Amino acid sequence: MPENNRLLFPQPEKNFSAKVVPETTVLKLSRASFTHVGADTALFENLNLTVKWSSKVGIVGKNGVGKSTLLEIMANRRQSNGGQPMYWQHKGLRLVYVAQHSEAQLGDFMKNTPCEYIQLRFKRGYDVEARPTSTFSERQKPSKKEQQRLVEIGKRHGKKGKNIECVVRRYASGANADDTLYEVKWEGLGPADNSFEKLSRFRFLGREYLLDEFNERMDEAWGEMGERPLEQNEVSRHLLDFGLNEDTFERRIEMLSSGQRSKLLLAASFWTRPHLVCMDEPTNYVDEESVESLKNALRVFKGSAIIVSHHQKFVDEVCDTVWEVSDRQVAVSHRLKN
């Protein structure tokens, strides 16, 4: 197989996969309905869907029936807005989403190279494109009265009269959580004023909830295995597994073909070795040889996948479960892969 058509997905992180079997439910949506803003009728009504470990689910249907919207809901990128919905993910599940149009995720990085894109997307340690499954930070954010008090604390005890705005990166771990160092950005100050702080500093300034949110996102991204280093060599090796050769590494993304951009999005999405990948029309913008490579990569991938596709042969040869979207409902069928 030519190197530029190579596709080799990293297998899911073992600490999770060792705890589940093919019959294990890893994702569930119950009693969910959805209506677009301004629409007279619902797009979906009372959906009840499950995804099993290692299953490959194909979402099919006519144009306009809501396939991509359903995928976004399953990927936790869009919320159900009707019925009494319940969205559940298996504890420790690492889920990623790959958009249909590369501009949706690459638009702000067109002047960067593929290596720079991955380094920037994961510069905080976790995937900045990912949607956190936890609602901890929303529950714990201070009230307006408390926010004002924290502003005053920042004026007296922060850096240059400012409080902590966010955690940029976790750099060094000590013997226990109290000794771990975090790079922080201060409100209204530039990167040159970033500093390294410990847990005690966050507590003193009333910003411990920012640290809790950051650590939760890191746990969601990496679990027990620890984050991958973002050195050039590590990123370059990863890109090679997705059919991007060394000639593309130093090109700006705006100079890449549509197919190469699609491969870059795949590579970035698999950087954390996910357990479940949600793909919207992954066969678009790639040639037939690349479609075959994608089929083979998904067949040997031991994790789960949910795939929107109009490519019937692709669905038939890859998916063991099909969700057919029609008339506000989803018909589920199971099949043996060819």
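Gln89 is buried, with a relative accessible area of 16%; buried means under 20%, exposed over 50%, and partly exposed in between, using a 1.4 Å probe and protein chains only. Gln89 belongs to strand β4, residues 82–89. Its side chain makes a polar contact of 3.0 Å with that of Tyr87. Such a contact is a pair of N or O atoms within 3.5 Å; within protein, one must be able to donate a hydrogen and the other to accept it, and residues adjacent in sequence count only if both atoms are side-chain atoms.

The model is predicted: local features need pLDDT of at least 70, side-chain atom pairs count only at pLDDT 80 or more, and totals for chains, interfaces and linings use all residues. Residues are numbered from 1 along each chain as its sequence is written, and side-chain values use heavy atoms, with hydrogens and water left out.

Let us turn to the sheet. Three strands form an open sheet in the order β2-β1-β4, with antiparallel pairing. Strands are DSSP runs of E, at least two residues, and helices are runs of H or I, at least four, numbered from the N terminus; two strands pair if DSSP finds at least two bridges between them. Because β2 and β4 stand at the edges with a single partner strand each, one side of each has no neighbour in the sheet. Strand β1, residues 25–34, is joined to β2 by six bridges, and Phe34 stands opposite Phe44 in β2.

Finally, the backbone. Most residues other than glycine have a negative phi. Asn76, however, has a positive phi near 65 degrees. Asn76 sits in the loop between α2 (67–74) and β4, and is buried at 12% relative accessibility.
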